[in-house]
Amino acid sequence: MATIRSTFLLLGLALLLAGSPTTAAGPAVLDSDREALSLSPYLTYGVDPGDRADAAAMFSKAERGEFKPLPGGSTAFGFTQGAYWFHGQLFNRNSTEQRWLLVLHYPLLDNVDVYLRYPDGRIEHMASGDTLPFSARSIRYRHPNFWVDLPQRTEVELLVRVASRSSLQVPLAVYTAKAFAELERDAQFGIGLFYGILLALLCYNLVLWLSLRDASHFWYVCHVSGFGLVMFCLNGLAFEYLWPNSPWWANQAIPLSMAVSQIAMHQFCRVFLELKERQPWADKVALAVIGFFVVMGVASFALDYRTVVRPMTLAVFPGAIFILYLAINAIRQGYAPARVFLTAWAFLLLGTALYASVSFGLLQKNFLTEYGIQIGSALEMILLSFALAYRYARLRGENERLVHEHNEQLERHVARRTSELSTALEQLAEANQRLRDSNRRDALTGLFNRRHFRDMFEHQLHQATEHRQSLGVLLIDLDHFKEVNDTHGHLAGDECLRWLGRCLRDHLLEHGALLARFGGEEFVVVLPDIQGERLLQVAEQLRLKICGEPVRYAGSNIFISASIGAFLVRPGPGISADEALHQADDALYAAKNRGRNCVHAADGLTSN
């Protein structure tokens, strides 16, 4: 609030100073002690509302005393109609300088005509302004300027015509070449410093936005870019460096950049102050303001320059006050980052108010009013960058607090759910194991199925070949199994198959045998690292076990027998699984042909 009171005190003081009367004080004398001279105290002016008068007519009016002193000594007339003519006398008493530079220190003027009438009646005419290419100026400088020859100890009559659709400001001054170079050096340093600050802030926050993807940093970058473009146009630098040969763009860029700047500024305020969540009604008003500037920006391509610029310039004041109110209201609601935002906004408001007051002729043009907006905006941009950093730190702290609370809740849930999850995982592992077993085992007998047997048999063949070991293969088929099904039923047949599976496990697992149901009533056994005689002994013992003990089912004893084909895979050149099974199958058929319930060995082994 102290910043706001200071702003209005400064405005009041400037208005009081602007109200003191000033009159033209005769010819402007240029002597050796003066290398630069402001012409405002020496000028009178006249207005041509219809913009029809020529230089001769206005020279005559000045001679008749129809021109008036500048009101309050001010060269700012605000938005006006018609052409304004300014008259004065220049007397050069400088013994070394005859060529002077006449500069009109305001870049946004459409037409500037300078007439010099010498004692011999000769009139010299020069023209400049935004309606002419930038090359029409005497030197490459953002403000209209003219080289004027002022003979020594000679009084030259000066007449300047200015007409513009923008705010009319005519701060005329004359300089020697040396004085102007020194002035421009200082001005360029200040302007370079200002745009350097903006560029640094823009790049810094652009990197932050690319890293954080925070919308507030994005709209801050847009705000800095839009405001920098506005100042580039208002300072005359855009005409000088961007489109020097396009007077149309020199004028069109001003309302367009103003619209872009205001849109970005209000959108940044919406995001930074979180209006949608904290002040919904204000968010709607801000959207309406943004819509207004969007419309004006589009309309600038079709409407007259003054028709667009004047309402946009007027809208700056209520828009700035509105944002000021939003910041104060956000502080009242306890939103801490709004404090830094308010301070930053007060600086911008002060600088903008000073600059706009000159545009409407409320204050005189001086260093503070001319560069107040640059000073205020630079401070505002810096403080807003601090505000963004503070807001980010605050959001990060809030996020860390929430994460800490959530972690504590999660730890409590995890402690309760750990045992349940462990149990569930164990059950899942068991279920997966059962599923894997069910995929590779026969459902009836519990032995491996044919598909899994093939994979394991091929692996055993490979291992036996590598270690130079023999491998025994038994192919077992129940005799007359169809009669068992027909006599006792299929359930009895299933029990016989289950019994045979148990018998194989009980009798052969101690030998490290691979057991599988090959299909129907046919079973296969692979015995690792075994010799031929031992293979036949094991097969015979198995046959005797099968036929020597009945299968008990439903109170009945069912006697079964089996035919067994035996094949020995000897160490040496590799033999495929199909070939080994084929040899065992041939031996099985030979056993059946011999009358069943016997063991037959392939490959010349002795059989029983």
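Reader: At what angle do helix H6 and helix H9 pack, and how far apart are their axes?

Author: This is a predicted model. In it, helix H6 covers residues 247-272 and helix H9 covers residues 305-332. The two pack at an angle of about 20 degrees, with their axes 10 Å apart.

Reader: Which word describes the direction of H6 relative to H9, roughly parallel or roughly antiparallel?

Author: Angles under 35 degrees count as roughly parallel. The angle here is about 20 degrees, so H6 and H9 are roughly parallel.

Reader: How many charged residues are in the contact of H6 with H9?

Author: H6 contributes residues including Ile 254, Met 258 and Met 265, and H9 contributes residues including Val 308, Met 312 and Ile 323. By class, the contact has 12 nonpolar and 5 polar residues. The number of charged residues is none.

Reader: Which strands stand at the edges of the open sheet of 4 strands?

Author: The strand order is E2-E13-E7-E10, with antiparallel pairing. An edge strand here has a single partner strand, so one of its sides is left without a neighbour in the sheet. The edge strands are E2 (36-38) and E10 (145-149).

Reader: What is the bridge partner of Val 103 in E10?

Author: Strand E7 spans residues 99-104 and pairs with E10 in the antiparallel sense over 5 bridges. In E10, the partner of Val 103 is Asn 145.

Reader: Which helix packs on the sheet?

Author: The helix touches E2, E7, E10 and strand E13 (172-175). Its direction makes about 115 degrees with that of E13. The helix, residues 177-212, is H3.

Key. Residues numbered from 1 in each chain as written. Predicted model: local features only at pLDDT ≥ 70, side-chain atom pairs only at ≥ 80, totals over all residues. Heavy atoms only, no water. Axes fitted to C-alpha atoms, helices over the stretch in contact; angles between N-to-C directions. Parallel < 35°, antiparallel > 145°, perpendicular 65-115°, else oblique. Contact = heavy atoms within 4.5 Å. Nonpolar A, V, L, I, M, F, W, Y, C, P; charged D, E, K, R; others polar. Pairing = 2+ DSSP bridges.
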